[in-house]
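Please read them beside the coordinates.

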Amino acid sequence: MLEDVLRLAHVIGAAVLFGTGAGIAFFMLMARRTRDARLLAHVAGTVVIADTVFTATAVVIQPITGYLLATSVGWSLTEGWIVLSLILYVVTGLFWLPVVWIQLRLRDLARLATANGASLPQEFDRLYAIWFACGFPAFLAVTGIFWLMLTKPQFALF
């Protein structure tokens, strides 16, 4: 019973991480295409909230449920697929942390442009390009984690 609850919590956390990331990327991309500072300020503000409520919560829950699940099932934390999953999790985080700061900055730049009745500054475009580029390795890393969790391939890293 405990294993089932932990597995469910872990899968839901993974789905939240993947889904929120994909949703945020989609809505930011669609808003960016309009070049409307007011719309971008609103969407970026919503994205910041979504990242705080959903992504940050799942980021904390995932390693806890993963550890408890592995312990409950009897998996060694040194199994190759678990170690590689943890490495990919850290890689994802290394791309996510700057994205959080960039999202805050994009929101603030769009709000400032709206308040001044100005167009978006060049800094917005530069930061957006970095934000967009950071999404690809993070997405690939999370996809790799899903594959490892589902297939649990047997190999040794060390």
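1. The secondary structure of this predicted model consists of four helices and zero strands. Taken along the principal axes, the C-alpha atoms occupy a box of roughly 60 × 30 × 20 Å.

2. Helix α2 covers residues 37-73, which is 37 residues. From its first C-alpha to its last it reaches 50 Å, close to the 54 Å expected at 1.5 Å a residue.

3. At its start, a side-chain oxygen of Asp36 comes to within 2.9 Å of the backbone nitrogen of Arg38. After the helix comes Gly74, with a positive phi near 100°.

4. Helix α3 (80-116) also has its span on record here: 37 residues, reaching 54 Å between the first and last C-alpha, close to the expected 54 Å at 1.5 Å a residue. The residue that follows α3 is Gly117, and its phi is positive, near 65°.

5. The largest pocket holds about 1,400 Å³ of space. It is lined by 49 residues, and those closest to its centre are Leu17, Phe18, Thr92, Ala138 and Val142. Two or more lining residues come from each of α1 (2-34), α2, α3 and α4 (122-151).

6. Which helix gives the largest share of the lining of the largest pocket? That share, 14 residues, belongs to α3. Sorted by class, the lining of this pocket comprises 36 nonpolar, 10 polar and three charged residues.

7. On charged pairs: side chains of opposite charge can pair when their charged atoms come close. Searching the whole structure turns up five salt bridges. One of the pairs that form a salt bridge is Glu3 with Arg7, where the closest N and O atoms are 2.6 Å apart. Both residues, Glu3 and Arg7, belong to helix α1 and are four residues apart, about one turn of the helix.

8. For the ends of the helices, look at Asp36 with Arg38 at the start of α2, then at Gly74 after α2 and Gly117 after α3.

Key. Residues numbered from 1 in each chain as written. Predicted model: local features only at pLDDT ≥ 70, side-chain atom pairs only at ≥ 80, totals over all residues. Heavy atoms only, no water. Expected span 1.5 Å × (residues − 1). Polar contact = N/O pair within 3.5 Å; in protein donor to acceptor, adjacent residues only side chain to side chain. 1 Å grid on protein atoms, 1.4 Å probe; cavity = no way out; pocket = protein on both sides within 12 Å on 5 of 7 lines; lining within 4 Å. Points joined across faces, edges and corners; volume = space filled by probe spheres on them. Nonpolar A, V, L, I, M, F, W, Y, C, P; charged D, E, K, R; others polar. Salt bridge = Lys/Arg side-chain N within 4 Å of Asp/Glu carboxyl O.
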